Amino acid sequence: MGQLRIPGPTPCPPEVLQAMAWQMINHRGPEFGEMLHDVTAKLKQLFQTKNDLYLLTCSGTGGLEAAIVNTLSPGDKVLSVTVGAFGDRFTSMAEVFGAEVIPVRAEWGKAADPDEIRRALQKEPGIKAVMITHNETSTGVTNDLATISAVVKEFDKLLLVDAVSSIGSIDLPVDKWRCDVTVTASQKGWMVPPGMAMVSVSKEAWQAHAKARMPRFHWDFARAQKYLEIGQTPWTPAVSIVFALSVALDMMLKEGLSNIFARHARVGQAAREGIKSLGLSLFADEKYASDTVTAVSVKDGLDVKEMLKILREEYQIVLAGGQQSLQGKIFRIGHLGLITEEDIKEILSALREVLPRASS
Ligand code: PLP
């Protein structure tokens, strides 16, 4: 059996795929309204939040843009904590909309340092918000968001979190960690095809929204709220993704949050141990290694392109390469959503055969 093991899109269970084939319904009718309310309530359970939550028809990037334009004004100072390609993208987005961005960067493969964030906040009292990637998919690092959030809240700043590849797979209690806007996307640990971002919005984020002056229309949370009250979305939603989510969320709640997190922790551990047993090394600082994606350093002499090709063509296993400066230097195994330790074992045994063939 083949395996798609990139860090999203992820494989979908057959029940979820069947839901994608359901006949269309009126997105302004009662049946859809009921489903939208039900999906929103279930997502709140999985986000561990009582905050507002919206479905936005877009990929994760749209949700991140929404986080920015709904809470900030041009000229606002923001601290952007970046530890990889997705953190850099979040940083650029805020710049494009006119924020004055102060980046706090960590070397790729390392996690963000809470003390450095504290020092940056002390140095720049005018900062309005802190932006951070919880799980940096490009490097396989999970930041210590509990500690970082405590630092951010010492200074009473807004916290905008890219949780695209973490929430729903690894623990991120939104209310406990006081995340003001938290963003994820359907194609990650949710076991649903791409097409929907899911975004939670705190009371403090709403206060910021009232003053925020960045241009917004499609992403305006106020419009999303107004329509949710009547069981709708402001614009035509990806109806089939809502169908799929309704099925996937039931499966996730049946498994239970703690079981989902424990499974990802076991799978992550199995991937890391297995990689080391093959004589390869982890790219990420192991203390912060992600339980949803493992980045593997490429050894001298290993042709990573060739390795990925053989895996894909002969084993029907699809892994991901490195992004940007990490191209050719790492490869990544996505292990979020529909995954077991058995799947990891199969990947490792394929790697055991393929590595010598792709090495000079
Ligand atoms: N942020 C992180 C951490 C991601 O992993 C991704 C996607 O891989 C994104 C943002 C961008 O999401 P999308 O490709 O859904 O727009």
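Colleague: Helix 10 and helix 12, is their crossing left-handed or right-handed?
Modeller: Right-handed for helix 10 with helix 12, meaning the near helix is turned clockwise from the far one by less than a right angle. This is a predicted model, where local features need pLDDT of at least 70, side-chain atom pairs count only at pLDDT 80 or more, and totals for chains, interfaces and linings use all residues. Residues are numbered from 1 along each chain as its sequence is written, and side-chain values use heavy atoms, without hydrogens and water.

Colleague: What angle do the axes of helix 10 and helix 12 cross at?
Modeller: Roughly 15°, and the axes of helix 10 (residues 257–277) and helix 12 (residues 341–357) come within 9 Å. Helix 10 is therefore roughly parallel to helix 12 (angles under 35 degrees count as such). Axes are lines fitted to C-alpha atoms over the stretch in contact, with angles from 0 to 180 degrees between N-to-C directions. Helices are DSSP runs (H or I, at least four residues) numbered from the N terminus.

Colleague: Which residues make the contact?
Modeller: Among them are Arg-266, Val-267 and Ala-270 of helix 10, and Glu-341, Ile-344 and Leu-348 of helix 12; contact means heavy atoms within 4.5 Å.

Colleague: Other pair. How far apart are the axes of helix 5 and helix 6?
Modeller: 9 Å, at an angle of about 15°, for helix 5 (residues 114–123) and helix 6 (residues 145–154). The crossing of helix 5 and helix 6 is right-handed.

Colleague: Which residues of helix 5 make that contact?
Modeller: Pro-114, Ile-117, Arg-118 and Leu-121 of helix 5, against Thr-147, Ile-148, Val-151, Val-152 and Glu-154 of helix 6.

Methods. Helix = DSSP H or I, 4+ residues; strand = E, 2+ residues; numbered from the N terminus. Parallel < 35°, antiparallel > 145°, perpendicular 65-115°, else oblique.
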